[in-house]
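I opened the file and kept notes as I went. The entries follow in the order I looked things up.

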Amino acid sequence: QVQLVESGGGLVQPGGSLRLSCAAPGSISGIYAMGWDRQAPGKPRELVARIMDGGSTNYADSVKGRLTISRDNAKNTMYLQMNNLKSEDTAVYYCNVMGSDPTSAREFDYWGQGTQVTVSS
């Protein structure tokens, strides 16, 4: 069972910042996409941001200009810098890693356990 290690969630006031991290085991290779989804209470899970191995990114319209996704391919680690946070950003954030094993060509899709982000005064 592959475990992604998430960190950085917590409580922050509106307008504040947080930085989430997600680390995949170094034994994993062939990652072509990393991303974050989130789920607020009573709402469906939604895409927040994705970054491909070439560096291209896409974001949910609601977070453009405030959240920035980045990755360190050498460390199999991804980050989500969240600035100017709003109450509607309150949710559990899940990291996701997708790829294809270079030896077996088997596709994989792994998820983290989730980290709570609460934006409140």
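Predicted model: local features only at pLDDT ≥ 70, side-chain atom pairs only at ≥ 80, totals over all residues.

**Entry 1: asparagines with positive phi**

I started in the loop between β8 and β9, where N84 is placed. I then checked the backbone: N84 is not a glycine, yet its phi is positive, about 50°.

I looked up N76 next. N76 sits in the loop between β7 and β8. Its phi is also positive, near 50°, and N76 is a residue other than glycine. Is N76 buried or exposed? I wrote down buried, because N76 has a relative accessibility of 11% and the cut-off for buried is under 20%.

**Entry 2**

I moved on to β9 and asked how it pairs with β10, which covers residues 107–111. The two strands run antiparallel to each other, and I recorded five bridges for the pair. At one position S100 stands opposite E107 of β10. Six residues lie between the strands of this hairpin. Among the residues of the hairpin, I noted A105 for its positive phi near 65°.

**Entry 3: the largest nonpolar core**

The largest nonpolar core has 30 residues. Which of them touch the most other members? I listed W36, V48, I69, L80, M82 and Y93. Two or more residues of this core come from each of β3 (18–23), β4, β5, β7 (67–72), β8 (77–82), β9 (91–100) and β11 (115–119). The largest share is that of β9, with four residues.

**Entry 4: K43**

My last stop was K43. I found K43 in the loop that joins β4 (31–39) and β5 (46–52). K43 counts as exposed because its relative accessibility is 54%, and exposed means over 50%. I also checked the distance from K43 to A91. These residues are 48 apart along the chain, and their C-alpha atoms are separated by 9.5 Å.

Notes:
Residues numbered from 1 in each chain as written. Heavy atoms only, no water. Buried < 20%, exposed > 50% of the residue type's maximum accessible area, 1.4 Å probe, protein only. Core = buried A, V, L, I, M, F, W, Y, C linked by side-chain atoms within 4.5 Å. Pairing = 2+ DSSP bridges.
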